[in-house]
Amino acid sequence: DFYWEDPMFANADETILRKAPAGVENAYANKAGGFTRFPGLANFVSLPGQGRCIPYRWRSYLMVATQAGRVYRTSQSGVAEDVTGVPLTGGKRPVFAATDDNRLVIATGGPLVSLSSGQTELLSEQAPESTHVAYVDGYLIAIEPGTGRFRYCDPGEYTVWNDLSVFSADGKPDDLVATTVTPFRELLLAGPESIEQFERLASGTRPFFRRWAT
């Protein structure tokens with residue numbers, strides 16, 4: 001901890017201040033009227049290779065997908081295990097979706113890859129190649145790159161992807177580039193010029209309906 005005799009003037013130009021500071025870096029104000037410095041960063045785990053690493057918290061592990069297509073399972077003690085059985089392909093930023101039965105699905109622009117226990121494996125021969133995957137109420141949803149459509153599997157049947165199980169986000173004719181599920185179980189699908197919200201349909205033959213588009 002450290003203290004200043006003069007108050008901090010965050011709204012003043014530094015050139016007019018003779019003694020008082022105009023800002024603080026790497027610290028925060030504490031209850032004692034001083035400032036506490038943030039601790040420095042420490043190396044948690046080192047992975048082989050170079051390039052970007054995309055982390056995702058899953059179960060009690062930190063899962064890491066690398067630019068080289070490898071997947072690592074990292075424990076809380078910083079021990080990393082390479083769990084790559086089927087490598088990630090497609091070259092896009094990894095997007096993760098965790099199911100209720102402890103399965104992790106990863107989309108990177110190529111075939112969907114899943115992990116449930118030992119090593120990664122191909123999710124399904126029927127599943128589309130996709131850049132984004134999401135999960136809600138037993139359904140895995142994957143967008144078809146370069147289109148305004150998204151496909152879904154049968155509930156809990158992640159290897160079954162019927163050609164007719166497809167929706168079009170066509171409120172505006174632009175391609176889908178992202179999807180996510182909100183804490184309220186709303187499925188959001190985004191294009192460069194539009195966003196559409198789909199929700200679960202409790203009855204009927206179609207599992208989703210479009211709530212709005214903007």
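Q: Hi! Is Gly 91 buried or exposed?
A: Hello! Gly 91 is exposed, with a relative accessible area of 74%. Keep in mind that this is a predicted model.

Q: Why does Gly 91 count as exposed?
A: Because its relative accessible area is 74%, and exposed means over 50%.

Q: Where is Gly 91 found?
A: Gly 91 sits in the loop between β6 and β7, and β7 covers residues 95-98.

Q: And what separates the C-alpha atoms of Gly 91 and Thr 108?
A: A distance of 6.1 Å separates those two C-alpha atoms, while Gly 91 and Thr 108 are 17 residues apart along the chain.

Q: Let's zoom out. How many helices and strands does the chain have?
A: The chain has zero helices and 18 strands.

Q: What about burial and surface?
A: Of the chain's 214 residues, 41% count as buried. The accessible surface comes to about 12700 Å², and 49% of that belongs to carbon and sulfur atoms.

Q: Which share of the contacts is between residues 24 or more positions apart?
A: They account for 35% of the contacts in the chain that have a separation of 6 or more.

Q: Back to strands. What is the order in the open sheet of four strands?
A: The order is β3-β4-β5-β6, and the pairing is antiparallel. The edge strands are β3 (53-58) and β6 (80-82), each of which pairs on one side only. From one strand to the next, the twist averages 25°.

Q: How many bridges join β4 to β5?
A: Four bridges join β4 (residues 61-66) to β5 (residues 71-74), and these strands run antiparallel. As one of the pairs, Ala 65 has Val 71 in β5 as its bridge partner.

Q: How do side chains sit along a strand in general?
A: In a regular strand, side chains alternate between the two faces of the sheet.

Q: Moving along, how do β7 and β8 pair?
A: β7 and β8 (residues 104-107) pair in the antiparallel sense over four bridges. Ala 97 stands opposite Val 105 in β8.

Q: What lies between β7 and β8 in their hairpin?
A: There are five residues between the strands, and Asn 102 takes a positive phi near 60°.

Q: Why point out the phi of Asn 102?
A: Most residues other than glycine have a negative phi. Asn 102 has a positive value in a residue other than glycine. Asn 102 is also partly exposed, with a relative accessible area of 42%.

Q: Which phi does Arg 185 have?
A: Arg 185 has a positive phi of about 65°, although it is not a glycine. Arg 185 lies in the loop between β15 (178-181) and β16, and at 45% relative accessibility it counts as partly exposed.

Q: Now the inside: which residues touch the most other members of the largest nonpolar core?
A: This core has 14 residues, and those touching the most other members are Ile 141, Phe 150, Leu 187, Leu 189, Phe 198 and Phe 208. The elements giving two or more residues are β11 (133-136), β12, β13 and β16 (187-190). β12 gives the most, with three residues.

Q: What does Phe 150 touch?
A: Leaving out residues up to four places away in sequence, Phe 150 touches residues including Ile 141, Val 166, Leu 176, Leu 187, Leu 189 and Phe 198.

Q: Which residues are in the other core?
A: That core lies apart from the largest one and has 13 residues, among them Ala 97, Val 105, Cys 153 and Tyr 158.

Notes: Residues numbered from 1 in each chain as written. Predicted model: local features only at pLDDT ≥ 70, side-chain atom pairs only at ≥ 80, totals over all residues. Heavy atoms only, no water. Pairing = 2+ DSSP bridges. Axes fitted to C-alpha atoms, helices over the stretch in contact; angles between N-to-C directions. Buried < 20%, exposed > 50% of the residue type's maximum accessible area, 1.4 Å probe, protein only. Contact = heavy atoms within 4.5 Å. Areas by Shrake-Rupley, 256 points an atom, 1.4 Å probe, with all protein chains shown as cover. Core = buried A, V, L, I, M, F, W, Y, C linked by side-chain atoms within 4.5 Å.
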